[in-house]
Every structure is written in C-alpha cells, then in structure tokens.
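This briefing goes through a structural model topic by topic. Please keep the sequence and the coordinates at hand while reading.

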Amino acid sequence: MAKSAILKSSLAKKYWMALTGLFLCLFLVGHLAGNLQLIFSDASHFNQYALFMTTNPAVKLLSYLTYISILFHAVDGIMLTVQNRKARPIRYAMENPSANSAWASRNMAVLGTLILVFIVTHMVNFWAVMHFDEKMPLETVQVDYEGKTYDFYVTQNTGKDKYIPVDLENSGLEIRNRTEFYDKTGNLKIAEGYKDLHKITFAFFKDAKYGLIATILYVIAMFVLSFHLLHGFASAFQSLGANNPKYNGLIKGFGKAFSVIVPLLFAIIPIYIHFFAK
Amino acid sequence: MASSKFININLKIWRQKNAKEKGKIETYKLDNVSIESSFLEMLDQLNEQLVSERQEPVAFDHDCREGICGMCSLFINGRAHGPDTGITTCQLHMRMFKNNDTIYVEPWRSKAFPVIKDLVVDRTAFDRIQQAGGFVSVNTSGNTIDANATPVPKHDADRAFEAAACIGCGACVATCKNGSAMLFVGAKVSQYALLPQGKVEATQRVLNMVRQMDEEGFGNCTNTGACEVECPKGISLENIARMNREYLAASLK
C-alpha cells in the first residue's frame with residue numbers, strides 16, 4: 001500500500017516534481033557561478049574550471065543526478081499534463097482564468113517544454129562539443145619573444161602549469177586522446193591539455209552571422225526560465241507540504257528574487273560577450 | 001426604499017437532454033430581470049418564460065438558497081459561482097451584471113462530475129471520497145465520553161473548524177484548470193488530522209481518501225491557487241499542504 005502510494009499516486013508525482021525541481025534550482029546556482037567566470041575571470045581559469053567539471057568524480061556524480069532530474073522532471077510533467085487534460089474531457093465555452101490565478105502558474109507545461117528545447121540545443125552547442133568533438137581546440141597562449149609570436153598550449157602537469165610549443169613535430173611530443181601530451185620516446189603521458197571551452201563560447205556568441213540571433217534566443221530562454229521559476233520555486237515547497245504562514249512570505253519572496261536574479265545573471269553573460277567583450 | 005431596477009440580458013446556457021446525449025450552448029433572451037434578484041431567481045424567471053412558451057425548462061441544482069448546502073453549482077462567465085468571490089451561486093445577485101450583458105452558464109466540467117441533465121452534474125465522486133475515510137470510527141456500545149474530556153488547543157480547533165467549513169460544492173474542481181479535487185480532499189483530511197479524535201485513523205484516512213480521489217479521475221494539483229480564490233467558504237491552500245504532509249508521512253510508514 002504505502003509503496004505504491006509513494007510511487008504512483010497523484011501526490012507522489014507532485015513530490016518528485018518538487019524534489020527534482022528544487023535540485024535543478026541548486027544546479028542553476030552552480031552552473032551560474034561557473035558561467036560568471038566568462039565575465040569575471042580569464043580564459044585559463046575558465047578552462048581549468050571546465051576540465052575540473054568534466055573530470056572530477058564528485059562533479060560527475062552530480063552531473064548524472066542532474067541529467068536524471070531533468071529527464072524525470074520532464075517525463076513526470078508530461079504524465080501529469082496528460083492526466084490533467086483527461087480530467088476535463090469537455091472544455092468550458094467561456095473561461096476567465098486570469099480572475100483567479102497567475103499566467104505562469106497555468107502555463108508551466110508550455111514553459112517547461114520551451115526550457116527542454118533550450119536545454120537540448122544548449123547541450124548540442126556546448127556540452128556535446130566539450131565531450132565529443134574531435135576538433136575541439138585546446139587552449140593556446142601567445143607569447144612574444146625576440147620579435148616573434150609563439151603559440152603555446154596551456155597544460156597541467158602535477159598541479160603546475162607548463163607551456164609546450166605548438167610546433168609538435170620538433171618537440172618530441174605528441175597529442176593522444178585529443179588532450180593528452182605524450183613523450184614520443186619514453187611513451188609517457190606528461191601533461192593534459194585544456195580544451196578551450198572559453199574560445200568556442202566566445203566564438204559562438206560573437207559569430208558574425210549567428211552570434212546576435214544566438215544571444216537573443218538565449219535571453220528569450222532566460223525569460224522563459226524566469227516565468228517557470230516564478231511559479232515553480234514556491235510551488236515546490238507547497239507540494240512538499242511546507243506551507244506555514246510564518247515562513248510563506250520568506251519562501252515566496254526568496255522564490256521571486258531567485259527567479260528574477262538567476263536568469264538575469266545568466267542572460268547578462270551572452271550579452272556581455274556579444275556586445276562588450278573583445 | 002431602494003428603487004428597484006430592471007435589466008435585459010442574453011443568456012448562453014448549456015443544454016443537454018441526458019447523460020448520454022451530446023449537449024450544446026443555447027441562447028435565450030430574458031427581459032425585465034430585477035437586479036435585486038439572485039442568479040437562481042433569474043433562472044426561475046427564465047424557466048417560467050420557457051414553460052409559458054411550452055419549452056423544456058433548464059435543469060439546475062439548488063436547495064437551501066442561503067449559501068450553506070453546496071448544491072448550487074454553475075460556471076458563470078468563466079468563473080465558478082460567477083463574478084464574485086466567497087459566495088455560492090444562490091448568493092450571486094443580478095446587480096453584478098449590466099443591461100444587455102451576455103452571460104454564459106455552464107455546468108461544472110470534470111470527468112469525475114458527469115452531466116446528468118443541462119446544468120446538473122453528478123457529484124457523488126465526493127461522497128465516495130468521503131466514505132473512503134472522511135469520518136471518525138466510533139464504537140457506540142460503550143460509555144460515551146464527555147467531549148470536553150479531550151483537550152484541543154484553540155489554534156488547532158480553529159484550523160479544523162475552517163477546514164470543516166467546506167460544503168463540498170465542487171467549485172474547486174470546476175475552476176481548477178486540471179480538474180483537481182485536492183482542495184476538497186485537503187479540507188476533509190485536515191479537519192480530522194488536526195483533532196485528537198481524528199489523529200487515531202489519520203494514516204489510513206489520507207491514504208484511502210487520496211487513492212479514491214485518484215480512482216475517480218480527478219486531475220493533479222499544480223498550485224495555481226484558483227480553487228482558494230473561488231471557494232465560497234475560503235478554504236485555504238494550507239489544507240492541501242497539510243494533506244501533502246500527511247500523505248508523505250503516511251506513505252513512509
């Protein structure tokens with residue numbers, strides 16, 4: 001009895017919706033903190049961070065939890081929407097829903113679908129490139145020496161940064177598995193190259209042809225996210241039974257601030273890159 | 001004495017012969033409606049006109065006509081119990097409308113509330129939810145205990161009383177975009193869960209009532225809050241949250 005109640009009932013679906021939703025709110029904060037380095041930090045630090053995020057086992061675990069949460073949140077949402085549609089087979093001829101409820105609260109499914117579309121395109125543009133693109137560039141630094149400019153890969157070896165020349169032919173080094181530097185003779189891995197996520201992100205939003213449209217679409221997606229959060233954040237607490245006049249003001253106030261500030265900060269980044277960054 | 005005023009209105013009313021046949025919206029013109037009359041009295045006036053024209057009168061639910069029985073329903077101009085809050089349809093007056101207004105009158109729309117005829121719907125789904133656990137089992141063969149022997153904190157008693165104010169009219173279901181009955185069930189669960197007498201069976205009660213609610217085909221709550229706004233008795237969303245807590249605790253036991 002109790003087992004089926006916690007998995008299949010209408011209320012169980014709400015609990016899962018709320019829990020995955022709140023977890024994804026935490027993910028947003030982490031993701032935002034990382035992204036803000038695109039404005040407030042340099043390419044090297046950002047790429048180091050990107051490497052950490054794709055290799056650290058704890059972060060990996062969290063990222064799998066995030067993928068599962070997104071999928072579960074979407075599937076649960078679709079199931080709820082289908083059930084809710086079935087609950088009213090004949091619609092009203094005349095409806096006046098704005099008299100008793102907020103627009104965002106009535107359009108969570110539409111907003112959520114748009115966010116899912118955004119997540120998929122976003123992952124194709126950045127996540128998939130970072131993980132699977134054979135041609136993903138490694139980070140290079142330019143050094144002027146005796147009137148000549150040299151390109152170097154920034155690499156990491158036992159915690160220390162090293163600079164290895166691009167002229168691999170004569171360096172006695174070769175790159176394997178896209179980012180690993182090997183000593184040709186000793187067959188030893190001596191360094192790890194940073195994938196230049198910073199470069200492809202800037203190139204994406206500064207692209208002469210598509211940069212502006214990408215920026216605009218990104219900002220629109222953040223508006224959609226904002227409306228989704230505007231209802232979703234406080235709603236998750238209600239679904240989990242956290243409704244107490246003592247704290248409701250705090251939850252609703254924090255939820256409103258969260259749903260405005262987080263998407264706003266996300267949206268500022270591509271605007272900064274497209275219009276203001278060098 | 002207030003001078004009485006009369007208005008002419010156009011009515012668009014859902015007509016449906018019986019549960020099986022398809023219904024449709026019919027248009028009626030009704031003149032000289034006193035703004036002092038209630039919405040139901042206006043429908044009485046329409047029915048007298050229809051009878052005099054040898055037409056079938058409009059069937060609609062009503063009983064006490066003083067806002068306490070929960071019988072009158074009606075989705076009026078897109079809102080449960082019409083364009084006002086904290087009232088049932090019998091408490092809605094024609095002064096809320098203007099001369100030459102067009103007024104849509106539809107039955108509650110929910111899979112769990114099938115139309116019986118015209119504007120009358122079958123709300124026995126609520127009865128079955130209530131029967132699934134909305135009571136306190138009493139053994140009447142022993143000695144009756146004095147009600148005041150069990151102390152109840154004033155705050156809890158007040159919250160239980162507010163929840164018990166639910167008249168089971170179904171406006172929450174009718175107005176909810178998901179056709180969810182959670183305000184009703186939340187109120188019924190709460191009124192017992194808050195009191196020591198009800199706590200004894202609280203675990204089974206909430207599991208059984210929610211199970212029955214799901215079986216009846218009601219939708220899921222998405223916390224839009226429309227039910228709370230349209231509830232004639234001002235039942236708070238707090239009751240849904242309490243049901244959510246009770247259910248979570250009960251299903252983990």
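Predicted model: local features only at pLDDT ≥ 70, side-chain atom pairs only at ≥ 80, totals over all residues.

**A salt bridge in chain B**

- The side chains of B:R95 and B:E36 form a salt bridge, with a distance of 3.6 Å from N to O.
- Because B:R95 lies in the loop between β4 and β5 of chain B, while B:E36 lies in the loop between β2 and α1 of chain B, the pair ties together parts that are 59 residues apart in sequence.

- Chain B has an open sheet of five strands with mixed pairing, and the order of the strands is β2-β1-β5-β3-β4.
- At the edges of this sheet stand β2 (24–34) and β4 (79–80) of chain B, and since each has a single partner strand, one side of each is left without a neighbour in the sheet.
- Helix α1 of chain B, which spans residues 39–52, packs on the sheet and touches β1 (6–15), β2, β3 and β5 of chain B, while its direction makes about 105° with that of β2(B).

**Strand pairing and bridge partners**

- Nine bridges connect β1(B) with β2(B) in the antiparallel sense, and within this part of the sheet B:F6 stands opposite B:S34 in β2(B).
- β1(B) and β5(B) run parallel and are joined by four bridges; B:K12 stands opposite B:Y104 in β5(B), and the bridge partner of B:I13 in β5(B) is B:V105.
- Strand β3 (residues 75–76) and strand β5 (residues 102–106), both of chain B, pair in the antiparallel sense over two bridges, where B:F75 stands opposite B:E106 and B:I76 stands opposite B:V105.

**The interface of chain B and chain A**

- The contact draws 48 residues from chain B and 36 residues from chain A, and the two chains bury about 3,500 Å² between them, with 55% of that area on carbon and sulfur atoms.
- On the side of chain B, the residues that lose the most area to chain A are B:R109, B:N220 and B:N223, which together account for 18% of what that side buries.
- Across this interface the rule finds zero salt bridges, whereas it finds 26 residue pairs in polar contact, with both residues at pLDDT 80 or more.
- At least two residues of the side of chain B that touches chain A come from each of β5, α4 (171–175), α7 (202–215), α8 (226–230) and α9 (238–252) of chain B, and α9(B) gives the most, with 10 residues.
- Sorted by class, this side of chain B has 23 nonpolar, 15 polar and 10 charged residues.

Notes:
Residues numbered from 1 in each chain as written. Chains lettered and ligands numbered in written order. Heavy atoms only, no water. Pairing = 2+ DSSP bridges. Contact = heavy atoms within 4.5 Å. Axes fitted to C-alpha atoms, helices over the stretch in contact; angles between N-to-C directions. Buried area = accessible area lost by both parts, 1.4 Å probe. Salt bridge = Lys/Arg side-chain N within 4 Å of Asp/Glu carboxyl O. Polar contact = N/O pair within 3.5 Å; in protein donor to acceptor, adjacent residues only side chain to side chain. Nonpolar A, V, L, I, M, F, W, Y, C, P; charged D, E, K, R; others polar.
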